[in-house]
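Visitor: I have a protein chain on the screen and would like to understand the words used to describe it. Could you take me through them step by step?

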Amino acid sequence: MNLHEYQAKQLLKKFQIPVQEGIACSTVSEAEEAYRQIHTQYGSKFAVIKAQIHAGGRGKGTIIGTEQRGVAVGKSAEAVAEIARNILGGTLVTIQTGPAGKLVSKVLVAQDVYYEGPNPVKEFYLAILLDRSTNKNVVMYSTEGGMNIEDVAHNTPEKIFKEQVEPGGGLQAFQARKIAFNLGLSGEAFKNCVKFVTNLYNAYVELDCGMLEINPLFKTSDEKIIAVDCKMNIDDNALMRHAEVASLRDLSEEDPTEVEAGKFNLNFVKLDGNVGCMVNGAGLAMATMDMIKLSGGEPANFLDVGGTANAQTVEAGFRIILKDPKVKAILINIFGGIVRCDRVAQGVIDAYQSIGNIDIPIIVRLQGTNADVAKKLIDESGLKVQSAILLSEAASLVNKAVA
C-alpha cells in the first residue's frame, strides 16, 4: 500500500525523524492559510507547494493543459493560492504516471528549509528496501540527491552506495556511521545523520515497509538532517498489524478494478492485452499468460481466484474482466487440487446465467479433481462456453478467438 508524502511524514515523526514540516490542503483557501501559518511559525521566506499523488517525478511533471509543475515555490500567500489553484483538480503527468496522469486532490504546503546560515546546504539520497537477490534489507544512498537521481544511477553508478543489513541483527551503529561518513558529513551533521539513519531503519522495520525512500535527504545550514520528501510503501500482508496505517489508504489513487477485485479476495492486475485470464494459483497464471502470448494473443489481466473458487468469486472475476473493452476472449484455466473442478464449472455456468448475454468466446480448461464431471457440465450447459482438457487445446481455441 502506497502512502502520500504528507502521510508518510506524519509516521516518520513518530520515530523522532525530523521532516520538512507542512500542511496538507484540499482547497485554495486552505493552501493560502497554510502559507500564513508556516510563515508565522517557521519564518519561512517562501513555501513549497507539492501535488500529492502516488507517483514520483512530480517536480518535472506538468498539469495537463498548463505549464504548471507538480512542485513549485510561492513567495507570498497570493502566489501560493495561484499555484494551488493551478494544481488542485488538475491532472498531473509525470514519468511514472504515464500519459493519462493522475488527478490531484491535495497539495502539501511545506516550509522553506533553504534558510541562510553558517554552512552550505546539501541534498542527498537515501532509501531502504529489500534486496531479493540476497534476502537482506539494503540501505541505498548517494551524495547526489534530488530530482535527477535516476540519471545519477544510470550515468555514474559508482556514486550509489549500498549497505547490506544482516537479517535479525538490525542496522548496526558502525553501519550508520559509515553511511554518514560516505555522505561526507562531519561534526554535528555527522551525529545527526547517524541518528536519522538509525531511526529511519527502525521505522522501516516496525511499519513493515516494502520501500522507504527519502529524496532529498537534506542537510540544513545549521547542520540538521531532515527528510524533505518521503515515499513509503507498506507490505499489504502486514496491514493487519497496522490498523492506523491501513486507514490511510487512498482508494482514489488505485485502479478501480483492482480495488473491486480486492473486495472478493481476488488477486488482479490489469494489463494491456486482449485475452482475459482467470486461474487459480500465481504459477499457473504466469504459465497461462505465456500460453496466451504463444497462441498469438496478449494477456489482458492477471487474475488469481485462489484455492477456494466458487460461483461468487467466478462471477466477480467475470464482471471485472468484462469491464475491459479490449478483451476479445476469456480463458479460464483451473487446476483442481483443493478446489473441485465441477464446483468451478458450476460457478462458470451460474455466473454466465447471472450476467446474461456474453458476446465473446469463453474457453474453460479444467484439470484435476472431478475434471470429467466438470467437462460434462460445461458441454451440456447449452451456453456458448468451449471446454478443453489439454493445454494445447485451450491454446488452439484462444488462437481462433483472437485471430
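This is a predicted model: local features need pLDDT of at least 70, side-chain atom pairs count only at pLDDT 80 or more; totals for chains, interfaces and linings use all residues.

Visitor: How do you know that the length of helix α11 agrees with its number of residues?

Guide: Helix α11 runs over residues 341–355, which is 15 residues, and at 1.5 Å a residue these should span 21 Å; the C-alpha atoms at its ends are 21 Å apart, so the two values agree.

Visitor: Which elements do the buried residues of α11 pack against?

Guide: They pack against α10 (311–322), β17 (329–336), β18 (362–368), α12 (371–379) and β19 (385–388). Among the buried residues of α11 are Cys341, Val344, Ile349 and Tyr352. After the helix comes Gly356, whose phi is positive, near 105°.

Visitor: What makes Tyr141 and Phe161 a stacked aromatic pair?

Guide: Rings count as a pair if their centres lie within 6.5 Å, and as stacked if their planes are under 30 degrees apart; for Tyr141 and Phe161 the values are 5.3 Å centre to centre and 20° between the planes, and because both fall inside those cut-offs, the pair is called stacked. Tyr141 belongs to strand β9 (residues 136–142) and Phe161 to strand β10 (residues 160–165), so that the pair links distant parts of the chain, 20 residues apart.

Visitor: Why is Tyr141 called buried?

Guide: Buried means under 20% relative accessible area, and Tyr141, at 1% relative accessibility, therefore counts as buried.

Visitor: And why is Phe161 called partly exposed?

Guide: The partly exposed class lies between the 20% limit for buried and the 50% limit for exposed; Phe161 is at 27% relative accessibility and therefore counts as partly exposed.

Visitor: What makes β3 and β6 edge strands?

Guide: Three strands form an open sheet in the order β3-β5-β6, with antiparallel pairing, and β3 (62–63) and β6 (102–103) each pair on one side only. Two strands pair if there are at least two bridges between them, and β3 and β5 (residues 91–93) have two bridges, so they count as paired. In one of these bridges, Thr62 has Val93 of β5 as its partner.

Visitor: Which residues touch the most other members of the largest nonpolar core?

Guide: In that core of 41 residues they are Leu12, Phe196, Leu200, Leu207 and Met232. The largest share, nine residues, comes from α6. Apart from this core lies another, of 33 residues, including Ala300 and Leu366.

How values were computed. Residues are numbered from 1 along each chain as its sequence is written. Side-chain values use heavy atoms; hydrogens and water are left out. Helices (H or I, at least four residues) and strands (E, at least two) are DSSP runs, numbered from the N terminus. The expected span of a helix is 1.5 Å times one less than its number of residues. Buried means under 20% relative accessible area, exposed over 50%, partly exposed in between (1.4 Å probe, protein chains only). Contact means heavy atoms within 4.5 Å. Rings of Phe, Tyr and Trp (its six-membered ring) pair if their centres lie within 6.5 Å; planes under 30 degrees apart count as stacked, over 60 as edge-to-face and the rest as tilted. A nonpolar core is a set of buried Ala, Val, Leu, Ile, Met, Phe, Trp, Tyr and Cys residues joined through side-chain atoms within 4.5 Å.
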